[in-house]
Amino acid sequence: KATVSSIAMDTAGNRFCTGSVDYSVKFWDFGSMNANLTSFTSMEPFGSFPIRSIEFSPTGGKILFAGGSNSARMYDRDGREILVCPHGDMYLHDMSNTKGHIAPLSCAVWQPIDAKTFATSAADGTIRIWDALTESKKHKKIIKLKSKRGKKVNPTAIAYSPDGGTILAGCDDGGLRLYDPRSFLPKTVEDIEDAHGSNVITSSISYSSDGMSVLTRTLDDCLRLWDVRRFDSPLSTFDSLPNHNEQTKAVFSGDCKYFATGTSSTSTKKKEGEPGKLVIFDRSTLRAVKTITLGKDSGGVVGLYWHPAINQIVYGTTVGHVHVLYDPLLSSKGILRCISKVVKRKEQAFVDIGVGAIHTPNALPMFRDEHANHGRPINRKRQQEKMREDPILTKKPVMAGGPDAKAIAGSTMASYVQAHRMLFSF
């Protein structure tokens, strides 16, 4: 039971994927599931690397995966591989001369307007933009992330704006940096070095669908709400939200009226603390309106997705559980299609007629080898020697110089005449 680090759903809300740190990805389909709620297939796209990011394309036909390796992978909605991004050369100093990343990926996102473009970020201090329609031998564009003092920084989370015009990156130095990827040489639009504090890692970045607000989740146990029109300081900061995982998500609802995030459990082996929670906030009042507390042994909330079309929340925990929340009045389709299906009872292929145990003839004592010699043990060596002397069993040829030489001599007419001629000569 490993942490469910990422969850993604297609545009229609019919199918979703869950990725875990145990290297596996599971595919779920609401249309084919019944009340048992089992996935229809699973795979390990990166072998022995954990899953960090999953995202469906805007059309819902392709899925983009980012793991602990330095290469992103693309699959179709049925789990067939489409594209593998190339690896870079770690011995080249200039990152623009390498055809791919040279360090583990942190995130991979689709361009929300252009379905053939996606971006990846990695611990090599770069964001690379790729073409999804061709077997890319190299990235289309590269963004090198640096601080105002010229020091390289690594992006830990990235997100496209809803119009696809900018890319927002949260870096390991605690800063936020906004880039325009449409220009030939992508340049910095905003650079807030002290956005989250010194060396605070950003685990998640999420835009609202109206493009006016941004959520950032960080490892300093805070959730921050930003106004894109004024990026110098956060609109509101929500603290006391424990976060011990670098993939903990924060998301907006489809109508942008609410936003939610998960918290980590503070319990340890020696001390019992608070359990994990799913906290939902009101965007207008900036207050928590709903808190769902997990069980004692359910860990914390990491992966999180709020689907705008079916209005359902899917979240994953640190103990490998996946939960779906819905409202009977406000939600539609999705999990409602599964819980109403009755599990079909399988017909039994065999019937027990109650006759007791059945033995094969060779299993009975009288047919065993140790009882073939009237109950006395058989000398295996002597038995093999007798079999070798038997000409019928071994089909051994009769030698000419043996005891049957006379029979061989009289077996032909010439030998018969020669024997009688010698007899009458005496």
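## Ground rules

Buried here means under 20% relative accessible area, exposed over 50%, and partly exposed in between, using a 1.4 Å probe and protein chains only. By that cut-off Tyr 75, at 6% relative accessibility, counts as buried.

This is a predicted model, where local features need pLDDT of at least 70 and side-chain atom pairs count only at pLDDT 80 or more, while totals for chains, interfaces and linings use all residues. Residues are numbered from 1 along each chain as its sequence is written, and side-chain values use heavy atoms, with hydrogens and water left out.

## The chain overall

The chain comes to five helices and 27 strands; helices (H or I, at least four residues) and strands (E, at least two) are DSSP runs, numbered from the N terminus. Of its 426 residues, 43% count as buried.

## Aromatic pairs

Rings of Phe, Tyr and Trp (its six-membered ring) pair if their centres lie within 6.5 Å; planes under 30 degrees apart count as stacked, over 60 as edge-to-face, and the rest as tilted. By this rule the count comes to 11 aromatic pairs. Phe 16 and Trp 28 have ring centres 5.8 Å apart and planes at 5°, so this pair is stacked. It links distant parts of the chain, with Phe 16 in strand E2 (residues 15-20) and Trp 28 in strand E3 (residues 25-29), 12 residues apart. Both Phe 16 and Trp 28 are buried.

Phe 65 and Tyr 75 give an edge-to-face pair, at 5.5 Å centre to centre with 80° between the planes. Here Phe 65 sits in strand E6 (residues 62-67) and Tyr 75 in strand E7 (residues 73-76), 10 residues apart. Phe 65 has 0% relative accessibility, so it counts as buried.

## The sheet around E6 and E7

Those two strands belong to an open sheet of four, ordered E5-E6-E7-E8 with antiparallel pairing. Two strands pair if DSSP finds at least two bridges between them. The edge strands, each pairing on one side only, are E5 (51-56) and E8 (81-84). On average, neighbouring strands of this sheet are turned by 20° against each other, direction ignored; axes are lines fitted to C-alpha atoms, for helices over the stretch in contact, and angles run from 0 to 180 degrees between N-to-C directions.

Three bridges join E7 to E8, which run antiparallel. Arg 73 stands opposite Val 84 in E8.

## Phe 281 and its sheet

Ring pairs link Phe 281 into a cluster with Phe 238, Phe 252 and Phe 259. Phe 281 is found in strand E23 (residues 277-282) and is buried, with a relative accessible area of 5%. Beyond neighbours within four places in sequence, its contacts include Leu 223, Phe 238, Leu 241, Phe 259 and Val 289. The C-alpha atoms of Phe 281 and Thr 291 are separated by 8.9 Å, with the two residues 10 apart along the chain.

Strand E23 is part of an open four-stranded sheet in the order E21-E22-E23-E24, with antiparallel pairing. Its edge strands are E21 (250-252) and E24 (287-293). Five bridges join E22 (residues 258-262) to E23, and the bridge partner of Gly 262 in E23 is Leu 278.

Terms used:
Contact = heavy atoms within 4.5 Å.
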